[in-house]
Amino acid sequence: VCRKVLKDKYVEMEVNANKINPLISSVKRITDCHVKVPTLCFSLFASLFSVYCCFFDEKLKADELHGTSGAWTICSSVTVGFFVWDLYCHLINAWIYGTIMLVHATLGLVTYSICAFS
């Protein structure tokens, strides 16, 4: 009798999981699209702007260790803005991405902020 009750509960849980799973996967697909497109745009902008700062910015080339310029400040600010946005996305969608991605976003923001502004 006990095995039958456990088996019935297990089958019921599987049926409920199959009903909920497509909904979660469709929400995750939409959320992934809303996250991946801005991430792609940011990565293209930041990469190209960083290449400009490294190779063509005269103020940075003059003093490579302690130099700074307006272009580098803009690049750093946009990057910190991206990490703040990434942390926000992972906070409001923690039920989709999990706590590991939330920790990843937090550490990314903290690490970049320490490196860029110290």
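How many residues apart in helix 1 are Phe49 and Tyr52? They are 3 residues apart in helix 1 (residues 2-55), so about one helical turn separates them. Helices are DSSP runs of H or I with at least four residues, numbered from the N terminus.

1. Basis. This is a predicted model, in which local features need pLDDT of at least 70 and side-chain atom pairs count only at pLDDT 80 or more, while totals for chains, interfaces and linings use all residues. Residues are numbered from 1 along each chain as its sequence is written, and side-chain values use heavy atoms, with hydrogens and water left out.

2. Aromatic pairs. The structure holds 7 aromatic pairs. The ring centres of Phe49 and Tyr52 lie 6.2 Å apart with the planes at 40 degrees, so this pair is tilted. Rings of Phe, Tyr and Trp (its six-membered ring) pair if their centres lie within 6.5 Å; planes under 30 degrees apart are stacked, over 60 edge-to-face, and the rest tilted. Elsewhere, Phe42, Phe82, Phe83, Trp85 and Tyr112 form one aromatic cluster.

3. Surface patch. Val51, Tyr52, Phe55 and Phe56 make a nonpolar surface patch of about 430 Å². Patch residues have over 30% relative accessible area and no salt bridge, and nonpolar side chains (Val, Leu, Ile, Met, Phe, Trp, Tyr) are joined within 5 Å, like charges within 9 Å. A salt bridge is a side-chain nitrogen of Lys or Arg within 4 Å of a carboxyl oxygen of Asp or Glu. Areas come from the Shrake-Rupley method with a 1.4 Å probe; for residues, only the protein chains shown count as cover. Tyr52 is partly exposed at 38% relative accessible area, whereas Phe56 is exposed at 54%. Buried means under 20%, exposed over 50%, and partly exposed in between (1.4 Å probe, protein chains only). Phe56 sits in the loop between helix 1 and helix 2 (58-62).

4. Cysteines. The structure holds 0 disulfides (pairs of cysteine sulfur atoms within 2.5 Å). For Cys53, the nearest cysteine sulfur is that of Cys75, 5.1 Å away. The sulfur of Cys54 has its closest cysteine sulfur in Cys53, at 6.8 Å, which is too far for a bond. Cys53 is buried, at 1% relative accessibility; Cys54 is exposed, at 52%.

5. Ser76. This residue lies in helix 3 (residues 70-92). Ser76 is buried, with a relative accessible area of 1%. Apart from neighbours within four places in sequence, Ser76 is in contact (heavy atoms within 4.5 Å) with Tyr112, Ala116 and Phe117. Tyr112 is also one of the residues in the aromatic cluster.

Conventions:
Helices (H or I, at least four residues) and strands (E, at least two) are DSSP runs, numbered from the N terminus.
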